[in-house]
Amino acid sequence: LYGRTRLGDKDFALAALDKPAADLGALDDPLLELAASLYPVTKALRAREDAWGGALDALYPPLLEVKSRFEAQDFVPDANSTLRLTFGRIRGYSPADAVHYRPFTTLDGVLEKSTGREPFDTPAKIFDLGRARDFGRFKPEGFDSVPACILYDADTTGGNSGSPVLNARGELVGVNFDRTFEATINDYAWSPDYSRSIGVDIRYVLWVTEKFAGAGFLLDEMGVGPAR
């Protein structure tokens, strides 16, 4: 199919987009023919999923009402399509005896962890920049290299990935993306001792943008100054 299709040809693909569905068969393209043959099946599946989704949507409000009455408490919605604010402090933690995780990781740790295979296949240019100690303006005082990730005890939930992390002055300092292993139970039980979320430090994002991607002009447009 891939060897015989012409959809890799931009002009052919654009011309196909302008044609009504009934005329696509005349193009004699195997991938278009496959898509046409699968369409009735996917259309039926989509209709069935929509029906199920509508029925479930109608059941969610009474379900939450029953849970609220049974457990005598209010429920906080997740962060999908809702505005949800939470707060916390940047903090490390000790999940076990003699084990302590500091609140910051750095570019040096990214290079140490790299195995050359997914999910730790670090691009060669990142290695080159790290070995050259080319940190630009993004190595703050007290750090040996660029901060990469941060730990904090804010109570995040499903849908918070990609959310901005702001400091007390309302400045963007990171982007939330995960929880620590011990914090996977957070939806059911939160503890100040081990519940930690993980964000990428915005200084690492800016360093990658400027040094790795060569898009420093974007930082100039945003008026980004030296790291603090």
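**View 1. Pro119 in the loop between H3 and H4 of the predicted model.** Pro119 is placed in the loop that connects helix H3 and helix H4; helices (H or I, at least four residues) and strands (E, at least two) are DSSP runs, numbered from the N terminus. The peptide bond leading from Glu118 to Pro119 is cis, and its omega is near 5 degrees. Residue numbers start from 1 along each chain as its sequence is written. The model is predicted, so local features need pLDDT of at least 70 and side-chain atom pairs count only at pLDDT 80 or more, while totals for chains, interfaces and linings use all residues, and side-chain values use heavy atoms, with hydrogens and water left out.

**View 2. Ala98 in the loop between E1 and E2.** Ala98 sits between strand E1 (93-96) and strand E2 (99-101). Although Ala98 is not a glycine, its phi is positive, at about 65 degrees. Ala98 counts as exposed because its relative accessibility is 79%; buried means under 20% relative accessible area, exposed over 50%, and partly exposed in between (1.4 Å probe, protein chains only).

**View 3. Arg133 in the loop between H4 and E4.** The loop that holds Arg133 runs between H4 and strand E4 (147-152). Arg133, a residue other than glycine, has a positive phi near 55 degrees. With 40% relative accessibility, Arg133 counts as partly exposed.

**View 4. The largest nonpolar core.** A nonpolar core is a set of buried Ala, Val, Leu, Ile, Met, Phe, Trp, Tyr and Cys residues joined through side-chain atoms within 4.5 Å. The largest one has 15 residues, of which Leu107, Phe138, Val146, Tyr204 and Trp207 touch the most other members. Helix H3 (107-113), helix H4 (124-131) and helix H5 (202-212) are the elements that give two or more residues to this core. H5 supplies the largest share, four residues.

**View 5. The surroundings of Tyr204.** Leaving aside residues up to four places away in sequence, Tyr204 touches Leu107, Val110, Val146, Pro147 and Ala148; contact means heavy atoms within 4.5 Å.

**Setting of the views in the protein chain.** The protein chain contains six helices and seven strands. From the N terminus, the order of elements is α-α-β-β-β-α-α-β-β-β-β-α-α. Buried residues account for 26% of its 228 residues. Of the contacts between residues at least 6 apart in sequence, 60% join residues at least 24 apart. The C-alpha atoms fill a box of roughly 65 × 60 × 35 Å along the principal axes.
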